[in-house]
Amino acid sequence: MGAAMLSGVITEILIPVAAVVGIAFALLQWLLVSAVKLSPERQPPAGGNKKNGFAADFLIEEEEGLNDHNIVVKCAEIQKAISEGATSFLFTEYQYVGVFMAVFAVLIFLFLGSVEGFSTKSQPCTYSKDKYCKPALANAVFSTVSFLLGAVTSVVSGFLGMKIATYANARTTLEARKGVGKAFITAFRSGAVMGFLLAANGLLVLYIAINLFKLYYGDDWEGLFEAITGYGLGGSSMALFGRVGGGIYTKAADVGADLVGKVERNIPEDDPRNPAVIADNVGDNVGDIAGMGSDLFGSYAESSCAALVVASISSFGINHDFTAMCYPLLISSMGIIVCLITTLFATDFFEIKAVKDIEPALKRQLIISTALMTGGIGIVSWIALPSSFTIFNFGEQKKVKNWELFFCVAIGLWAGLVIGFVTEYFTSNAYSPVQDVANSCRTVAALGMLSTIATGLAIDAYGPISDNAGGIAEMAGMSHRIRERTDALDAAGNTTAAIGKGFAIGSAALVSLALFGAFP
């Protein structure tokens, strides 16, 4: 009894605390990024030098006929144009999303409510025939509410990711004047803001919704968690607009800019004379930032909800073991803590001194987070789960050991790492597949893969931010030294974007298996 009470207390404390800590850490990273000023403090004197109080990187730009004041002003103007374009696109997209959200919510209510003729009487439970569950009308109402919560959380996560990306792109450019290491830290911290906000917000909203729904459902865990599945549906529905809509825009803008600039006018990529360059940079943010964020949030919400449903129809639900049923949320909570520690390795514990250090630093993030999370999963499995339990498995009750569940989640975790490295091998310019091209021209496993979503998104968002930084450097007329540094960041970013796509596809495949397992 003492152990059960202890695990219950841990559940009630760890989940909300981890979510709040994740949000606070994201805001701290945002604050550190904002320390890079995007407005000139004073006009530099002609021929300024170190004796006048200006940094060495200022002297580099003076050699190109530019002064620090003009550079900062130009970068700020370009950043503002990109931010306004991205915000305008998302607001337009969200107008259509809002209509879809409202219509789909009504359809969910009508379909679920009509199952029992909008009955207000308790119904026999699907799996526990010896007790009664809440009426169909109530399930329809709560499922609709959870759908709207998931949709709104997905939209907000994507929008916040876009805002930090457009906030940080010019700052990354300016930091590149001081060295590739400074630029890397700014870009990575910006990506971490998105990763932690998405993971923490998703966890916090889901946990609050469960506790509020519990006030009505009581011990009807089956009905409660089936209603909660609407949260995952809402998140994945918004991903359809964010990923596809933003993806179409970014590819159209990218191709258009290349056709006008490189093909028709024979001018370099991101040349300021090409008006389509701003649209190209906008596309990076609405497609690869906001779109990818919505996509991974949908997978995260779906896998969590599917695992919760499976937990509710096991012996956990029969024994009213709330801690064990919250096992998916505890895994996500541990993931936030692990990713927080991992982020410090990139921004504080190791220094990027040269271009060759960038890709190893990003791969080190994946390795460290996976290794630490393996231990974290073991701790959560030992504390939250009984030594053995039963679970509904295609019409039969199957006995499962807690160490078996640990291995399922751990396998999913390491599968994410393997997918990342396999993708990296076939997309990085450090390995033969890309070099050859250049020379010639199970159910809860998804929880493991998505448990380090904060680090995965941080790495993924880093890419478009670095890409934007290079474009701003070119349009601002900065020296070739700066563009070489931002291009080095972007080259690693292209690889990490491919890793993120492989990660998203792999997690989506596992989520589909999880959903089949949840509704046999």
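This is a predicted model: local features need pLDDT of at least 70, side-chain atom pairs count only at pLDDT 80 or more; totals for chains, interfaces and linings use all residues.
Contact here means heavy atoms within 4.5 Å.

Residues are numbered from 1 along each chain as its sequence is written, and side-chain values use heavy atoms, with hydrogens and water left out.

I start with the serine. Ser333 touches Leu14, Ile15, Ala18 and Leu203, leaving aside residues up to four places away in sequence. Ser333 sits in helix 10, residues 327-349; helices are DSSP runs of H or I with at least four residues, numbered from the N terminus. Is Ser333 buried or exposed? Its relative accessibility is 0%, so Ser333 counts as buried (under 20% relative accessible area, with a 1.4 Å probe and protein chains only; exposed is over 50%). The C-alpha atom of Ser333 is 9.7 Å from that of Val380, which is 47 residues away along the chain.

Helix 10 itself is mostly covered, with 17 of its 23 residues buried. From first C-alpha to last it reaches 32 Å, close to the 33 Å expected at 1.5 Å a residue; the expected span is 1.5 Å times one less than the number of residues.

Next, helix 15, residues 453-475. Gly477 follows helix 15 and has a positive phi, near 70 degrees.

What does helix 15 pair with? Its axis and that of helix 7, residues 276-312, come within 10 Å and cross at roughly 175 degrees. Axes are lines fitted to C-alpha atoms over the stretch in contact, and angles run from 0 to 180 degrees between N-to-C directions. Helix 7 and helix 15 are therefore roughly antiparallel, the term for angles over 145 degrees. Among the residues meeting there are Asp284, Asp288 and Tyr300 in helix 7, and Asp460, Pro464 and Asp467 in helix 15. By class, this contact has 11 nonpolar, 5 polar and 4 charged residues. Asp, Glu, Lys and Arg count as charged; Ala, Val, Leu, Ile, Met, Phe, Trp, Tyr, Cys and Pro as nonpolar; the others, Gly among them, as polar.

Last, the axes of helix 5 (residues 180-217) and helix 6 (residues 221-265) come within 10 Å and cross at roughly 145 degrees. The residues in contact include Phe213 and Lys214 in helix 5, and Trp221 and Tyr231 in helix 6. They divide into 12 nonpolar, 3 polar and 1 charged.

Terms used. Helices (H or I, at least four residues) and strands (E, at least two) are DSSP runs, numbered from the N terminus. Angles under 35 degrees count as roughly parallel, over 145 as roughly antiparallel, 65 to 115 as roughly perpendicular and the rest as oblique.
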